[in-house]
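Morning, everyone. Please have the sequence and the model open while I talk.

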Amino acid sequence: MINAFLVFNGQGQPRLTKFYTQLNTQGGFAETITRQKQDTSIQQRLISEIFTLVSNRPAGSCNFLPLPPLLAASSTSHTSTEEQSDVPSLVTYRHYATLYFIIISTTTESPLALIDLIQVYVEALDKLFENVCELDLIFNFETLHATLSEMIIGGVVIETSLDRIVAGVRAQGTVAKRPVNEGRSTIGSGMGIGGNFAWTGRV
Amino acid sequence: MRRFEKSLYDLIRGLRNHKGNEKEYIQKTLKECRAEVRSQDMDLKATALLKLIYLEMVGHDMSWASFHVLEVMSSPKYHQKRVGYLGAVQSFRHDTEVLMLATNLLKKDLAATSPTVISLPIATLPHVITPSLALSTLADLLPRLNHSHANIRKKTLVTLYRLALVYPEALRAAWPKIKDRLMDPNEDPSVTAAIVNVVCELGSRRPNDFLPLAPRLFELLVDSGNNWMAIKLIKLANLLVQFASLTPLEPRLVRKLLPPLTNIIRTTPAMSLLYECINGIIQGGILDSAEDVAGADEIATLCVNKLRGMIMINGDANLKYVALLAFNKIVLTHPHLVSQQEDVILECIDSSDITIRVQALNLVKGMVSSDNLVPVVSRLMKQLKSSLPSKDRRVPGSSANTPETESDDEAQTAITAPTVRDTQALLLPDDYRIDIIERILYMCSKDNYSSVLDFDWYIDVLTQLVRMAPVPRTFDADTGALLPTRQQVDVAEKVGDELRNVAVKVRAMRATAVRAADLILDQLLSENPVGHSLSSGALKSAIWIIGEYAIQLAMPDDSLNGLLQAIPRIGKAEILAVALHATAKVFSSIAGSELEPWTAERKSRISLLLARILDVLEPLALHPSLEVQERAVEFIELLKLTAEAVSGQPPSTDENHQEPPLLLTQAIPSLFTGWELNSVAVHAQKNVPLPDGLDLDEPIHGNLGRLLSQTDIVTLQSDEADDFEVYYHQRPPPSSLSSSTPAISRLADPEDDTAGSYQQPSEESYLDADILAKRKAERMEKNKDDPFYIPSDNILRTSTPIHNILQNNNGPALDIDSIPVMQLDLDKIGHTVAAPSRPRPQPRQRVVVATDETLEGSDSGTGRQYDSENSSLAKARSKKSKQHSLLQVDSSTIGSFSLEGNASEAFDYERQQREEAEMQQAMKEVERLRLEMQRANERIQMAQGADVQGVVIKKKTKKKATAKKAADGDEAEATKAKPRKKVKKAAPQAVEGGGDDTGGAAASGTPPAKAAPKKKKKKKPAPVEEAEGAV
């Protein structure tokens, strides 16, 4: 099961956060409101921990991260396999141009397939936005969510076919284009999908 | 549409234009949003919500807006509704209070005609689901499994799965339908794939239910062209086989599965599928259960070789990682298969990628033996050393040492792994360094040090580790924040404990350990500038060793000096207490000699020493820690007495022989000598048998009160057979050495010290220069000066005469460091796979490692000491993991839930509907009552206003508007608080109680009415009449 799908940029600013399972905060009977505030700050902490990990990767590293301390603290036990399959234990990431795409998942997901899943997501965005860049994602984060919900529902992957995903998003209404006057110069070229990666053939 | 797009756009652009003072800008925007979200204009509201969602993403809480989220969700316009649902997904938790009010809305949208609208609640439910919500939406979700759009069908079934996680009954209702869908060959392939995904998730929790599906799943595996689904199918098959192997239900399954799996392995171009096949075959125990052994072997070799290939492929780190991941799973069941791959795995320890390193380390941890311990630890030590931050303490000279060895290292590794070079520059995070150190300790101490052949080497490694241990950040005074527990562990303390363990358990190594402890203390003193407190965790054990084995100190005066310097600078009370004791012990060993004549020189020396010690101890008599205070006071008094005795005893002259004061030679040493301290197994205490006739519940004395009152009168009878006294005063001397002559008899101890093998086949480039120098010097020393060296060596290592001869011949001139022995070692590793005949095992250094003391019948056998220390750590961890991990789903209920449960328990669709109907009725009733009250209220107002009839209508409409506003706006916030509380208490009761009790539902008060403000509007005419009728 996929626990969370995150997108952030090279400075660690979140561009998409989606948590399919809730952040279980310890703290007993704290009042709901404060707990939710805590949730938001824990999410931010998790993002920044992952960002620290991901931004320190030497070139040529694999697309998997060691568990960030926030997750590692509670998942080190190897007592039973049943427990294992529920605990988030895999952090997969991919880096496109200025953006990092992260999936946190349990062991029921195949690590290599997750790498491809991110690729599918980015390709779908590319199709929707035509040569997608970070600015598209910033200004259309609703579309990001819509695209994601065509692929993953409740942490379970429901679709991996590019065309169906794109069709599903388009059925919900037109996808807005990026504002014209916001030049693309800040980002440079698009994310360069496909060309720089030899992974397309794997799933 | 346009307007809200524009305004989110404005927000983002504003954010980009306010670089530097974003915080201010965000606060301003939040304030605006707060106002906007309360407006009447739905467009404005939705826009504000969208902005809030955006701000939530960057870390600004929006839980306060949950009611407004609900309002936008109920908008009739799709694009607004979508924003509302997005807000719910992002900000609602299962304990969000307004969720209660959303139930009706969700149910209504689930029944919508437009598939895009239906998708919204379906996609949202998994994020907010609670048992009661599951109960009330299940009936609306189930029909969606037959929706004409495949998209809706697959989303629905996933949502049903999430429902089942919190409310297992949902699965009972949904499973037959899901099964039908799976079995239907005409079903849309993407729906089938989604079902497989769900079944795979469920399968990990309850495989038994899915065994009957095996034929269909098998069919899908063979026919489908969808790799993603195939991966899931293999994972599922894996689970089923694992399950089937437990209960011999389906022996045919394995036989059937094997051909297609091997086929996939041989043909598939998709690496992920290949990997999962291999993983599945090995991990699922398919190998074990296959009947023909030859075939199984063939497949095993095929799989392992493929995995090996994955690691070997240059440049693809992902494959390397997953292969290691697979090995980590395989090693649990097939350790021999993995140990054949030792060479490639060891290669990965030096990978530049920490993720890969950690995986490799996990594997290596289980693979070490006496043969490869030294090379493995050497690699790790090199990593640690080379990753030391440059500012870190480096003993001068070591920098000259490092480059040389690095280049050496590179030359050796270049053949097999050309990319390893990066490692040296890599700065490792502290977490990882701690992890490595812990693993080194674990590997070495495993099975009561059975893998350690050379304890000299081990002690040197420990000494080095103390220097390399990261300083725990908890001691950071400036940040009061609590750090995660992993960082709080002072790993230096663990290293110190190891040193202490070795000193206690390995008698022959005690002298070396004491020297190492001495060195650690010196080092800590010299590298921390004066005035700074000493905080290394290793200090405690080092000081303890110095004190306990003071007899073996090479230069006790210097050590005492060091201790006295250290004491004022020790920050932790715990260490200070140990240090006080150690000081006394060292002093006693220096001054307590009985044989040394009591000369004037000795007298003045001891007086000076006493004065110094007293000077250091005296400030501690006022120490805030009671333990420290008590020890300090005790020793101060004792030493003062001693000082008096010393000054009172005239020194012996030629004519007048004087004994040294007894206090010095008898009393103080007797405090510290006696039985030797041995390591005791952790569970030994439990094994102490209960003496016969001991009943702890029995009162000590029948009439205790009287006894106590008598104590004033009765004098203690001394002649009572006092076993206690006898035991303590007349016990036999503990060993041959009586407490009065500790020094001499114990001085003999080091003589049976082994001359350890220094031909250690490793180039200890990871050791600091001074440790290396020390090793070398020791070697020379032993060879040159130790008259017992040759005979004792012969006795100790009769099995390696050639070794001895070589060593003797080369003698002092032998420069071990110049021989690149490491190279040989690598060869050895390289050959282990190719040549099955392993090199002759190294003769184990003949040192006796004491096992933990325990009692007969103890279940914690020998050598458990360190293990148990470890396991207690593991226990602590597992205890921690009992609390849920962040992001973990609690699915504990679904595992125990039975699909084929008895009929009475079965999900009763009709009952559910009946309950629904009752619920509806109850809600109507509530609505009616509410309206009645409203009417009454209006009437009162009307009476107060004393207006003509015509105004009433106007007023009514106004009223409606204000009522709505009240529901929306902040005016209501004060009033909202009250009903909310009521909702919280009453509503679960109403929902869970099935609503069969009208009273219960009525108690829930206004919320149902509030939940659907629109409904209220529409229904208005009818209920009003009804109410009028009632009145």
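Start with a term. Helices (H or I, at least four residues) and strands (E, at least two) are DSSP runs, numbered from the N terminus. With that in hand, take Val191(B), which sits in helix α11 (residues 189-203) of chain B.

A word on what you are looking at. This is a predicted model, where local features need pLDDT of at least 70, side-chain atom pairs count only at pLDDT 80 or more, and totals for chains, interfaces and linings use all residues. Residues are numbered from 1 along each chain as its sequence is written, while chains are lettered from A and ligands numbered from 1 in the order in which they are written.

Back to Val191(B). Is Val191(B) buried or exposed? Here is the rule: 20 or more other C-beta atoms within 10 Å of a residue's own means buried, 12 or fewer means exposed, and in between is partly exposed, with C-beta atoms placed from the backbone. Val191(B) has 23 other C-beta atoms within 10 Å, so it is buried. Its contacts come next. Two residues are in contact if their C-beta atoms, placed from the backbone, lie within 7 Å. Leaving aside neighbours within four places in sequence, Val191(B) contacts Ala150(B), Arg153(B), Lys154(B) and Arg181(B). Lys155(B) is 36 residues from Val191(B) along the chain, and their C-alpha atoms are 8.7 Å apart.

Now the whole of chain B. It has 50 helices and 0 strands. Of its 1031 residues, 40% count as buried. Take the contacts in chain B with a separation of 6 or more: 74% of them are between residues 24 or more positions apart.

Next, a helix pair. Two packed helices are described by the angle between their axes and the distance between the axes. Axes are lines fitted to C-alpha atoms, for helices over the stretch in contact, and angles run from 0 to 180 degrees between N-to-C directions. In chain B, the axes of α25 (residues 455-468) and α28 (residues 510-527) come within 10 Å and cross at roughly 15°. That makes α25(B) roughly parallel to α28(B). The cut-offs: under 35 degrees is roughly parallel, over 145 roughly antiparallel, 65 to 115 roughly perpendicular, and the rest oblique. On the α25(B) side, the contact residues include Ile459(B), Leu462(B) and Val466(B). On the α28(B) side, they include Ala513(B), Ala516(B) and Leu519(B).

On to the core. In soluble globular proteins, nonpolar side chains tend to be buried together. A nonpolar core is a set of buried Ala, Val, Leu, Ile, Met, Phe, Trp, Tyr and Cys residues joined through C-beta atoms within 7 Å. The largest one has 280 residues, and Ile543(B) is among those with the most contacts inside it. The largest share of this core, 12 residues, comes from helix α4 (residues 111-129) of chain A.

That brings us to chain A. It has 7 helices and 7 strands. Of its 203 residues, 53% count as buried.

Last stop: the loop between α4 and α5 (134-139) of chain A, where Glu130(A) is found. Most residues other than glycine have a negative phi, and most peptide bonds are trans. Glu130(A) has a positive phi, near 60°. Asn131(A), found in that loop between α4 and α5, also has a positive phi, about 60°. How exposed are they? Glu130(A) is exposed, with 11 other C-beta atoms within 10 Å. Asn131(A) has 13, so it is partly exposed.
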